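Thanks for asking me to look this one over. My notes follow as numbered points, to be read with the model open beside them.

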Amino acid sequence: VQKQEDRTKIVLDEKYQPGLLGLEGFSHIHVVWWFDRNDTPEKRRVLQVHPMGDPENPLTGVFATRSPIRPNLIGLSLCKIASVEANVIEVEEIDAFDGTPVLDIKPLIPGHDSAVDATTPDWLVTAHERRHSKREPD
């Protein structure tokens, strides 16, 4: 991941450039990346957290959250593609740091990457309502 000023790029080793053929036809990608700056033996042992770092949320297993503190350190971000040129994918944003290693890229395929009958726990709805109520009006 490269972040410079207001631009965010996923820069692949040039030998992988042929693998980008056709990617420009997609609007979004899933970027699989490594939490390289979040790796400590202590953090890898944490198996329960308060989601979103909010103690008002119930203690929850890390595999039922999007917490960056986890034993496997694999991150996943959905990113909107701005452009694809040579071995570089420019995206609108990603929740990874500059210099973060990218493990894989997969295109978002509507219909395949969704579930009609998906559900979430009540705490998640409440947490989102709390977050949005704290924001300043536009």
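**Notes on the fold, core and salt bridges**

1. Let me start with Ile 10. Apart from neighbours within four places in sequence, Ile 10 is in contact with Val 1, Val 31, Asn 87, Val 88, Ile 89, Val 91, Ile 94, Val 102 and Ile 105; contact here means heavy atoms within 4.5 Å.

2. A word on the ground rules. This is a predicted model, in which local features need pLDDT of at least 70 and side-chain atom pairs count only at pLDDT 80 or more, while totals for chains, interfaces and linings use all residues. Residues are numbered from 1 along each chain as its sequence is written, and side-chain values use heavy atoms, with hydrogens and water left out.

3. Where does Ile 10 stand in the largest nonpolar core? That core has 17 residues, and Ile 10, Ile 29, Val 31, Ile 89 and Ile 94 touch the most other members. A nonpolar core is a set of buried Ala, Val, Leu, Ile, Met, Phe, Trp, Tyr and Cys residues joined through side-chain atoms within 4.5 Å. Buried means under 20% relative accessible area, exposed means over 50%, and partly exposed lies in between (1.4 Å probe, protein chains only). Strands β3, β6 and β7 each supply at least two residues of this core, and the largest share, 3 residues, comes from β3.

4. Now the sheet. It is open and antiparallel, with 6 strands in the order β1-β2-β7-β6-β3-β8. Strands (E, at least two residues) and helices (H or I, at least four) are DSSP runs numbered from the N terminus, and two strands pair if DSSP finds at least two bridges between them. At the edges stand β1 (2-4) and β8 (102-107), each with a single partner strand, so one side of each is left without a neighbour in the sheet. From one strand to the next the twist averages 40°, with axes taken as lines fitted to C-alpha atoms (for helices, over the stretch in contact) and angles running from 0 to 180 degrees between N-to-C directions.

5. Strand β3 deserves a look of its own. On the β6 side, the antiparallel pairing runs over 7 bridges; His 30 stands opposite Leu 78, and Trp 34 has Ile 74 as its bridge partner. Towards β8, there are 5 bridges, also antiparallel, and Val 31 is partnered by Ile 105.

6. The β6 and β7 hairpin comes next. Strand β6 (residues 74-85) and strand β7 (residues 88-91) run antiparallel and are joined by 4 bridges, with Val 84 partnered by Ile 89. The hairpin has 2 residues between the strands, and Ala 86 takes a positive phi near 55° there.

7. Met 52 has a phi near 60°, a positive value in a residue other than glycine, and lies in the loop between β4 (48-49) and β5 (60-61). Leu 73, not a glycine either, has a positive phi of about 60° and sits in the loop between β5 and β6. How do their surroundings compare? Met 52 is partly exposed, with a relative accessible area of 40%, whereas Leu 73 is buried, at 1%.

8. On charges, the count comes to 5 salt bridges, a salt bridge being a side-chain nitrogen of Lys or Arg within 4 Å of a carboxyl oxygen of Asp or Glu. Asp 39 and Arg 44 meet at 2.6 Å, N to O; Asp 39 is partly exposed at 36%, and Arg 44 is partly exposed at 32%. Lys 106 and Asp 104 meet at 2.9 Å, and both are partly exposed, Lys 106 at 42% and Asp 104 at 33%. Salt bridges that share partners join Asp 54, Glu 56 and Arg 130 into one network.

9. Arg 130 lies in helix α2 (residues 122-134) and Glu 56 in the loop between β4 and β5, so the pair ties together parts that are 74 residues apart in sequence. Arg 130 is buried, with a relative accessible area of 15%, whereas Glu 56 is exposed, at 56%.
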